[in-house]
Amino acid sequence: MNIAIMPARGGSKRIVRKNLKEFLGKPILSYPLRVLQQSDIFSRIVVSSDDSEILSLAETLGAEPLLRPEKLSDDFATTRDVVIHAINALGLESDSNVCCIYPTAVLVREQTLHEGLGALAHYAFSFPVVAYDYPIWRAFERDKDGALAMLYPQHLDTRSQDLPTIWHDAGQFYFGAARDWLGEIPLFGAQSYGIALGAMDAQDIDTMDDWAIAELKYALREKGGAKL
């Protein structure tokens, strides 16, 4: 059984009511929910929230609402805490595959979800990753007076094309069996598979600038104006 769990608390701080905010005219969480539904992967799609408005919208959009405790909706609750609560509250079997997907994953694709599920045949977890858009080997530290110091001075004269590519979490979803969510295997580790995304398929949304960029990327993709 494959289950999708979307953690969508009501008290977002950096962008107020982010999980209900309209993205190109529709509530942002409606976009990943639609992709989940169209993927034909999941027998249950659950939205976990402390907020009655979010839960009501989720139900309207065809998802299963799950009320979670306030202690799992503050700034200190982790994604894994929320998933573990949902696994226990829903009474899931240990071999159920659980996909935790964020409500801001507006650029997620069905094929990425399928790749994530397929990777579980060999890995405990899978999630999308994207390359840093500039080599971190050329990064600087900046002191209070503005003076710069290279973090990796040994790469001062290394050509950028000769530097290794470094990846980071794309912030879309995490797929794993319920037993591994409940266990001690780290999410970011050797037993996790990274699904490589291009820059047009990923955008973290923490600020209004991020939000605007995400809308531009989505609009370009929909119009076929981006080379993917």
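Let's start at the second largest pocket: its lining divides into five nonpolar, one polar and five charged residues. Ala, Val, Leu, Ile, Met, Phe, Trp, Tyr, Cys and Pro count as nonpolar, Asp, Glu, Lys and Arg as charged, and the others, Gly among them, as polar.

A word on the source. This is a predicted model, where local features need pLDDT of at least 70 and side-chain atom pairs count only at pLDDT 80 or more, while totals for chains, interfaces and linings use all residues. Residues are numbered from 1 along each chain as its sequence is written, and side-chain values use heavy atoms, with hydrogens and water left out.

Back to that pocket. About 160 Å³ of space lies in it. Helix α1 (30-38) gives the most to the lining, with four residues. The lining includes Tyr31, Arg34, Tyr218 and Arg221.

Terms, quickly. On a 1 Å grid over the protein atoms alone, a pocket is an open set of points with protein on both sides within 12 Å along at least five of seven lines; a cavity is a set where a 1.4 Å probe fits but cannot get out; lining residues have an atom within 4 Å of a point. Points are joined across faces, edges and corners, and a volume is the space filled by probe spheres set on them.

Now the largest pocket. It holds about 930 Å³ of space. Of its 37 lining residues, the closest to the centre are Arg14, Lys18, Tyr102, Asp204 and Asp206. The lining splits into 16 nonpolar, nine polar and twelve charged.

There is one cavity of 30 Å³ or more. The largest cavity has a volume of about 50 Å³. Asp204 is one of its lining residues, as are Val106 and Gln203.

On to charges. The structure holds seven salt bridges, each a side-chain nitrogen of Lys or Arg within 4 Å of a carboxyl oxygen of Asp or Glu.

Take aspartate 201 and arginine 221: their side chains meet in a salt bridge at 2.6 Å, N to O. Aspartate 201 sits in the loop between β12 (192-197) and α6 (208-223), and arginine 221 in α6, so the pair ties together parts 20 residues apart in sequence. Buried or exposed, aspartate 201 and arginine 221? Both are buried, meaning under 20% relative accessible area, with exposed over 50% and partly exposed in between (1.4 Å probe, protein chains only).

Lysine 144 and aspartate 145 also form a salt bridge, at 3.7 Å. Both are exposed.

Last, Arg17, Asp51 and Glu53 are linked in a network of salt bridges.

Methods: Helix = DSSP H or I, 4+ residues; strand = E, 2+ residues; numbered from the N terminus.
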